Number of protein chains: 2
Amino acid sequence: MRIILVGFGVVGQNIAKLLLSRNEDLYALYGMKPRIVAAVDSGGSAVAASGLDLQRLLDAKKTKGTVAEYGDGQKNVIEIIESMDAEVVVEVTQTNLKTGEPGMTNVSAAIKNGKNVITANKGPLALALPSLIELAEYNGVMLRFSGTVGGGTPILEFAKRCLKGDRIISFRGILNGTTNYILTRMEEGLSFDDALNDAKEKGYAEAEPSLDIDGYDAAAKLVIMANWVMGMKVTMKDVNFTGIRNVTADDMKNALKNHNAIKLIAGSNKGLTVKPTEVPKNDPLCVNGTLNAVTFSSEYSGQQTIIGRGAGGMETASAVLRDLIEIREAMGKV
Amino acid sequence: MRIILVGFGVVGQNIAKLLLSRNEDLYALYGMKPRIVAAVDSGGSAVAASGLDLQRLLDAKKTKGTVAEYGDGQKNVIEIIESMDAEVVVEVTQTNLKTGEPGMTNVSAAIKNGKNVITANKGPLALALPSLIELAEYNGVMLRFSGTVGGGTPILEFAKRCLKGDRIISFRGILNGTTNYILTRMEEGLSFDDALNDAKEKGYAEAEPSLDIDGYDAAAKLVIMANWVMGMKVTMKDVNFTGIRNVTADDMKNALKNHNAIKLIAGSNKGLTVKPTEVPKNDPLCVNGTLNAVTFSSEYSGQQTIIGRGAGGMETASAVLRDLIEIREAMGKV
C-alpha cells in the first residue's frame, strides 16, 4: 500500500512513528505493508517510489525542520499527487476553517486523480463535505476522516458501525476539549479570563484561541458528524454557533446550584447548534477536563455515550491508521 | 435468511416485533429478508418453512401463553434444529449459569448441524465459550452474542471494530445494572436491604436476586468480554468474584468523603476480578442508576469509555439484529 503523506507536523510525524513501530504486526494482522512513497511539508518534499526510510525522514524533520532535507524531493505537492503511483493520499496539513486551504486543493486533486483520501484536516470537510463526498463517489474512491472528530476516540466509527441496523435519531456532545477544560476550571471557581490563561499555560489553548472558544472548532466537527452520521448535506454556514466567551462565573454558580454544569454542547436536534448549555452533573455526557463525549439517541437500542480524549498527535495518528486498514480491507491486498 | 428462534420470552418476542416493524427497511438497507421458519418456547413450537406470520405468532403467545397455539408445531427443539433448513439459529432461552442449559444443548446442536448461531444467553458462553468458539470454527459457522454484554449498548462491537488497528491493553467496567442501581441508592443514604427492596419494587431485581448481587452476572459478562476482546480462553472458574452484599452504608459514606463512589467493577487487569471498588466521582466510568459503562485502555488511542443501558427486551433484540446483519453480510444474500 503506497501512501503520499501531505503535512508533516505533529500528526504526520506520529503517523510515521506508528507505521515504523508497527511494521511487522500490521503485516501479520492485516496483510498490510504500508509504504510512504512521498512526504510533503511546507519546506518541500521527500520522494522514493520504493518507500521512504521513515527513521531517516523523522531525523531530517527533527534536525533540519523539513522533510526536504531527506534528499530526494523536488516537485510540488500537486505534481506529486498527480504523477506518483499511490493508493492513498493522507492529508494532515493544518486546519483552516475560512478557506479550507491548503487541504481543499490537496484533497480535491487526490480524489480527481483517482486516489483514496484520508484526512485529519477539518477545513475542507467543514466547508465542502457534501460536494467532496459526491466527488469521491463520482471518482470511485474512498474518503475517510476518522481523526477529525474525537482524535483517537472512534466517534464516527461508533455511529456508523456499532449502531448498524439501528436508526440514530439525534446526537449531542462535547466536541472541543479546550473549551471543556476552561469550563471545568470555571466550575472550580476561576473567572473566564483566568481559566483561559491557565489553558494557554497548559498548552490546551492557542495564543489566538478564537477557533476553540468562539465555537468554530466544535461547529466544524458538528458539520462532519451531521454529514457522516445523519446523512445531512450541510456545511459550516448551516450551523448556528455561539462560543463560551460570555459565560460568567455567576452563570456557572447558578448552574451548580441546580446540580448542573455549563458545557459547550453541539447537537443535531432542531437544527445544528453549538451553544453553552446546562447539563445535569450526573448525565454521562457531563465529563470534565479536556475530555470529549457524545450521546447518540437511537430508535431501538436507546441512548449511548462514548467518551475519550478528543485530541493528541498519536491518538489522531491511530485514527488515520484505522482508516488505512478500512481502505486496505475494501481494496484487497496491495 | 431463514431463522429458527429458540426461546420466546421478552427478548424473543421483541425480536419478532422488531422484524415485523422493520421488514421493509431491512430489505432496502441490507437486502435482507429475514423469515422465522420455526419458533420454540417451553410450551412447544410453531413451524412454517415459508416463514411464520409474526403477528399471529405474537398473538398466540399473548393470548394462550405459548407459540404452540400457533397451530403447526410438533417436533422438539433439537429435531427442529437438525431437520429444518435455516441459516441461523437465534437462541434466547433463559440464562442458567450453573448448567448452561437448555442453551448449551441448543447452541451446540445448531453449530454441529452447520448453522450460524446468535445467542443472548450468557449461560453456555460463561461456562464454555472457548470450546464453543472452537466448535464454531471447526464447523465453519459464525457464533455471535452481542446482546449478552451491555444489552443494546454495542460494547463487544466497539472493542472489536472501532478499535481495530489498536491494541486493547485492559478494560474495566460496570457490567450489571441491578447492582449499580442498588449502589446508587445506597449513595443517596439507603441501607443495602432498603436499596435491594427498592430495586425489587422497581422490577430491577429478581425475587431471588443472588445472580446479580453476588456478582455471577457480572462475572459471566467478564468471561465473555475476556474471550472476545482479549482473546483469552477462560470460563467462569477463572474469575475471582465478590458481590455487593457486604457493602455497608458506612463504606459508602467513607468513599463519598474522598469524592469516590463504590461500584461493582469487573476488570481484566491482573487477572479477572469482579469486586466492589472505589471509583472517583469524576471518572467517566462512575455512572449511576441502571447504566452500564466500560473503559478500554488501548495502546495508541488512549482510554475510551462507552456508556448505555445494559438491559431491556427491545435493546437486546436490537443487538440480535446487529448480529443478523453481520452474518448476512458475511454470507452474501440468501
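Colleague: A residue is buried if 20 or more other C-beta atoms, placed from the backbone, lie within 10 Å of its own, exposed if 12 or fewer, and partly exposed in between. Is Asp217(A) buried or exposed?

Modeller: This is a predicted model, in which local features need pLDDT of at least 70 and side-chain atom pairs count only at pLDDT 80 or more, while totals for chains, interfaces and linings use all residues. Residues are numbered from 1 along each chain as its sequence is written, and chains are lettered from A and ligands numbered from 1 in the order in which they are written. Asp217(A) has 27 C-beta neighbours inside 10 Å, so Asp217(A) is buried.

Colleague: In which helix is Asp217(A) found?

Modeller: Helices (H or I, at least four residues) and strands (E, at least two) are DSSP runs, numbered from the N terminus. The run that holds Asp217(A) spans residues 216-230 of chain A and is helix 10.

Colleague: Which residues is Asp217(A) in contact with, leaving aside its neighbours within four places in sequence?

Modeller: Contact is judged on C-beta atoms placed from the backbone, which must lie within 7 Å. With neighbours within four places in sequence left aside, Asp217(A) is in contact with Asn176(A), Leu211(A) and Asp212(A).

Colleague: How are helix 5 of chain A and helix 10 of chain A oriented to each other?

Modeller: Axes are lines fitted to C-alpha atoms, for helices over the stretch in contact, with angles from 0 to 180 degrees between N-to-C directions. Angles under 35 degrees count as roughly parallel, over 145 as roughly antiparallel, 65 to 115 as roughly perpendicular and the rest as oblique. The axes of helix 5 (residues 122-138) and helix 10 of chain A come within 8 Å and cross at roughly 25°. Helix 5 and helix 10 of chain A are therefore roughly parallel.

Colleague: Which residues of helix 10 of chain A make that contact with helix 5 of chain A?

Modeller: Helix 5 of chain A brings Lys122(A), Leu125(A), Ala126(A), Leu129(A), Pro130(A) and Ile133(A). On the side of helix 10 of chain A are Ala220(A), Lys221(A), Val223(A), Ile224(A) and Asn227(A).

Colleague: How are helix 1 and helix 3 of chain B oriented to each other?

Modeller: The axes of helix 1 (residues 10-21) and helix 3 (residues 54-64) of chain B come within 10 Å. Their crossing angle is roughly 150°. These two helices of chain B are therefore roughly antiparallel.

Colleague: Which residues of helix 9 of chain B make the contact with helix 8 of chain B?

Modeller: From helix 8 of chain B come Thr178(B), Tyr181(B), Ile182(B), Arg185(B) and Met186(B). From helix 9 of chain B come Phe192(B), Ala195(B), Leu196(B), Asp198(B) and Ala199(B).

Colleague: Which element of chain A gives the most residues to the side that touches chain B?

Modeller: Between the chains, 35 residues of chain A are in contact with 35 residues of chain B. Helix 6 (155-162), strand 12 (302-309) and helix 12 (313-331) are the elements of chain A that give two or more residues to this side. With eight residues, the element that gives the most is strand 12.

Notes:
Two residues are in contact if their C-beta atoms, placed from the backbone, lie within 7 Å.
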